[in-house]
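Subject: Structure handover

Hello,

My notes on it follow.

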Amino acid sequence: MDDRRKRAAAALAASRCAHDEAPETVCEEVPSGFWRDECIFLSAEYWRKKRKPSRAAKLCAQSGVWADNCAQ
């Protein structure tokens, strides 16, 4: 998957956030690495805004390079 497709998958997760779906499901389609981490981070932010801190924390722990920023 090229970089544009990885970015698009992360953007798709963000759009799912706006439609009140489980955004993390699309992250499984993004290859491991930076863009999957970004996708998981966006999903964690979604659940934090929905006041589901335990679900957000679980995703933060999986967000790789974003883990330190995610927990804030």
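**Around W47**

W47 touches A22, P23, E24, K52, R55, A56 and L59, leaving aside residues up to four places away in sequence; contact here means heavy atoms within 4.5 Å. One of these neighbours, R55, lies over the face of W47, at 3.8 Å from the ring centre. The criterion for a charge over a ring is NZ of Lys or CZ of Arg within 6 Å of the ring centre and within 35 degrees of the ring normal.

**Basis of the model**

This is a predicted model, in which local features need pLDDT of at least 70 and side-chain atom pairs count only at pLDDT 80 or more, while totals for chains, interfaces and linings use all residues. Residues are numbered from 1 along each chain as its sequence is written, and side-chain values use heavy atoms, with hydrogens and water left out.

The pLDDT (the predictor's confidence in each residue, from 0 to 100) averages 82 over the chain, and 86% of the residues score at least 70. By element, the mean is lowest for α1, at 72, and highest for α4, at 92.

**Fold and core**

The chain has five helices and zero strands. Both are DSSP runs numbered from the N terminus: H or I with at least four residues for helices, E with at least two for strands. Of the 72 residues, 33% count as buried, where buried is under 20% relative accessible area, exposed is over 50% and partly exposed is in between (1.4 Å probe, protein chains only). Among contacts with a separation of 6 or more, 48% are between residues 24 or more positions apart.

A nonpolar core is a set of buried Ala, Val, Leu, Ile, Met, Phe, Trp, Tyr and Cys residues joined through side-chain atoms within 4.5 Å. The largest one has 17 residues, and C39, A44, W47, L59 and C70 touch the most other members. At least two residues of this core come from each of α1 (3–18), α2 (24–27), α3 (34–49) and α4 (53–61). The largest share, seven residues, is supplied by α3.

**Aromatic pairs**

Four aromatic pairs turn up in a search of the whole structure. Rings of Phe, Tyr and Trp (its six-membered ring) pair if their centres lie within 6.5 Å; planes under 30 degrees apart are stacked, over 60 edge-to-face, and the rest tilted. F41 and W66 make a tilted pair, 5.8 Å centre to centre with 40° between the planes. F41 lies in helix α3 and W66 in the loop between α4 and α5 (67–70), so this pair ties together parts 25 residues apart in sequence. F41 is buried at 16% relative accessibility, whereas W66 is partly exposed at 23%. The rings of Y46 and W47 have centres 4.6 Å apart and planes at 80°, so that pair is edge-to-face. Both Y46 and W47 are buried. F34, W35, F41 and W66 form one aromatic cluster.

R48 forms a salt bridge with E45, with the closest N and O atoms 2.5 Å apart. The two are three residues apart in helix α3, which separates R48 and E45 by about one helical turn. R48 is partly exposed at 30% relative accessibility, and E45 is partly exposed at 23%.

Most residues other than glycine have a negative phi. R51 is not a glycine, yet has a positive phi of about 60°. R51 is in the loop between α3 and α4 and is exposed, with a relative accessible area of 72%.

Regards

Definitions and conventions. A salt bridge is a side-chain nitrogen of Lys or Arg within 4 Å of a carboxyl oxygen of Asp or Glu.
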